[in-house]
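Please look at the chains before reading on.

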Protein chains: 2
Amino acid sequence: MPGEGYVVAVAGATGAVGRELVRILEERKFPASQLVLLASERSVGRRMAFRDEEVPVDALAPESFDGVDIAFFSAGAERSRRFAPAAVEAGAVVIDNSSAFRMEPGVPLVVPEVNPEAIRSHQGIIANPNCSTIQTVVVLKPIHDAAKVERVVLATYQSVSGTGQKAVEELDLQVRALLSFEEPTCQVYPHQIAFNILPHIDAFEEGGYTREETKIINETKKIMGDDSIRVTVTAARVPVLYGHSEAMNVETAYKLTADQCRDILSRAPGVLVVDDPASNAYPMAIDAAGQDVVFVGRIREDPSIECGLDLWVVADNLRKGAALNAVQIAEHLIQG
Amino acid sequence: MPGEGYVVAVAGATGAVGRELVRILEERKFPASQLVLLASERSVGRRMAFRDEEVPVDALAPESFDGVDIAFFSAGAERSRRFAPAAVEAGAVVIDNSSAFRMEPGVPLVVPEVNPEAIRSHQGIIANPNCSTIQTVVVLKPIHDAAKVERVVLATYQSVSGTGQKAVEELDLQVRALLSFEEPTCQVYPHQIAFNILPHIDAFEEGGYTREETKIINETKKIMGDDSIRVTVTAARVPVLYGHSEAMNVETAYKLTADQCRDILSRAPGVLVVDDPASNAYPMAIDAAGQDVVFVGRIREDPSIECGLDLWVVADNLRKGAALNAVQIAEHLIQG
């Protein structure tokens, strides 16, 4: 995909991830000769700032993709299934942020720090992983390369922005209501999220797992290219606006000391080690918000097994967990 | 310890746990013929409601315990170390909520649903475990009895009331400041807790573990009476006022299906199973607040090992996690 500039479309431009996509394309000076913003009917007519322009938002339709080179999709799985084939048909490469195609065998599922080579095998669609999966594999990969990861036990602390802009507003409104001793209203989540923890992200499936948990398990194996890695997850929603945190327990085939692990991760791409307990320095959601790297800290040997590590992993779920990773995929794509 | 009524002292009466202790003694009609409320100098002169009385708060001193039968301590480890020996000397049985004596070999560490028999061996002091330990072992014990627990990987989501009343106020003030676009101030915690997660509870120790994490590991083994149980923990503070949540991964020697585990826990003392994903029913901190039982749900088989279970465990950290457990110990004590 050579050329001076690319016609870039963003489907779902007005959502939390869509707006981050537009910001990041500008920030990273992505060589876009034209930006096409697409959303549902009710957003048509809005304008969004991009470089020195005010770009109008058009309605997402099968015919939106004429002349488009790269189409970012972030409008939910249903819309990806409906419109991505038309975009591919029109000659665009789709980078899809939804779960629609992630587990399809012909669709590369890519985190550029982990499996950039997979991009080359695309047949029109490249899938962007789940937010929690991305920060998990960015940290797991260097550990896997050094000591072979055998099992991961993960507990997530996921912020409401992962659900979308409406959930950010719901947390804000619920907190305001509760501080005024009023009954909070629940529209996005089935229960109050303010001052509460919900062990429930996405729909429940057979066996009691949520779809979010299943996604993290399956996507981790696919991106790491190793089905033998065993993973279990409990995914929980926390009253945090931006930034997902994770308590990660890793069992490896070969022993890594905490110092060795810290050393490996300090040299890993896209990772920033923040691990100085003596000065109360560890990764936190409020520090990760707006940042590009995956933060890791609290690195310590797990005394309960011979070769085990406990880590605390935090990233901005809208950036590295979604929009940034998608733009990084596009950057690799145009570099050929 | 026979008799119609007992002289009961509460050291640290004005703190978050102390106030809960006084409430629970009244609620459960504990046979107290007299209540002695003790606190630091600056609380002297305050009065607290107990039954139809207004009981004055006195200064905690070595001579506070003349005639006291049962002395609840909840004024921090330092004060327990300083004043508990005087209480024992004066003939009282001390039920200590601090970490001061928990790991001493001669001191029983008791959760009445798990090891009530340990109460009998006391030599004047009985220790009340850490809040997170209590809800962990109430759920682990019936699983251990049925299928032998070999390893536990725990991630906690602990509310600010576990730190004390000042932390509850700090979260409230920080949230109000942030909603008014003001800079929040941090006095209790080293970092902002509002809309954030802190992977940091109590002081850091060698090896990178926090004292809270070490407590949960060591206390679990002592209460379960089985040093072979291997435990690893990541303890995190979350912006929740009341109620600690836990993502618990359990590896057992013998296979339990999720249904078998659910069945065992439904019949376990002090446990309430809330596990109906189809109707979005699972344990939540806001529901646990003010309740006596330990809530467990999201019970599912862990696909990453042969005999593994994932569970979500929630309890009121001030009640079952502290004051209620202490009063239950006292109830066993007076029943002989």
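## The model

This is a predicted model.

## Helices α3 and α5 of chain A

Helix α3 of chain A covers residues 131-147, and helix α5 of chain A covers residues 211-224. Their axes lie 10 Å apart. The packing angle is about 45 degrees. That angle makes α3(A) oblique to α5(A). The crossing of α3(A) and α5(A) is right-handed.

Which residues meet here? From α3(A) come Ser132(A), Thr133(A), Thr136(A), Val137(A), Leu140(A), Lys141(A) and His144(A). From α5(A) come Lys215(A), Ile216(A), Glu219(A), Thr220(A), Ile223(A) and Met224(A). By class, this contact of α3(A) with α5(A) has five nonpolar, five polar and three charged residues.

## Helices α3 and α6 of chain B

In chain B, helix α3 (residues 131-147) packs with helix α6 (residues 258-266). The two axes come within 9 Å. They cross at roughly 120 degrees. Angles of 65 to 115 degrees count as roughly perpendicular and those over 145 as roughly antiparallel, so α3(B) and α6(B) are oblique to each other. Their crossing is right-handed.

On the α3(B) side, the contact is made by Val139(B), Pro142(B), Ile143(B) and Ala146(B). On the α6(B) side, Cys261(B), Ile264(B) and Leu265(B) take part. What classes of residue make up the contact of α3(B) with α6(B)? There are seven nonpolar residues, with no polar and no charged ones.

How values were computed
Residues are numbered from 1 along each chain as its sequence is written. Chains are lettered from A and ligands numbered from 1 in the order in which they are written. This is a predicted model: local features need pLDDT of at least 70, side-chain atom pairs count only at pLDDT 80 or more; totals for chains, interfaces and linings use all residues. Axes are lines fitted to C-alpha atoms, for helices over the stretch in contact, and angles run from 0 to 180 degrees between N-to-C directions. Helices (H or I, at least four residues) and strands (E, at least two) are DSSP runs, numbered from the N terminus. Angles under 35 degrees count as roughly parallel, over 145 as roughly antiparallel, 65 to 115 as roughly perpendicular and the rest as oblique. A crossing is left-handed if the near helix is turned anticlockwise from the far one by less than a right angle, and right-handed if clockwise. Two residues are in contact if their C-beta atoms, placed from the backbone, lie within 7 Å. Ala, Val, Leu, Ile, Met, Phe, Trp, Tyr, Cys and Pro count as nonpolar, Asp, Glu, Lys and Arg as charged, and the others, Gly among them, as polar.
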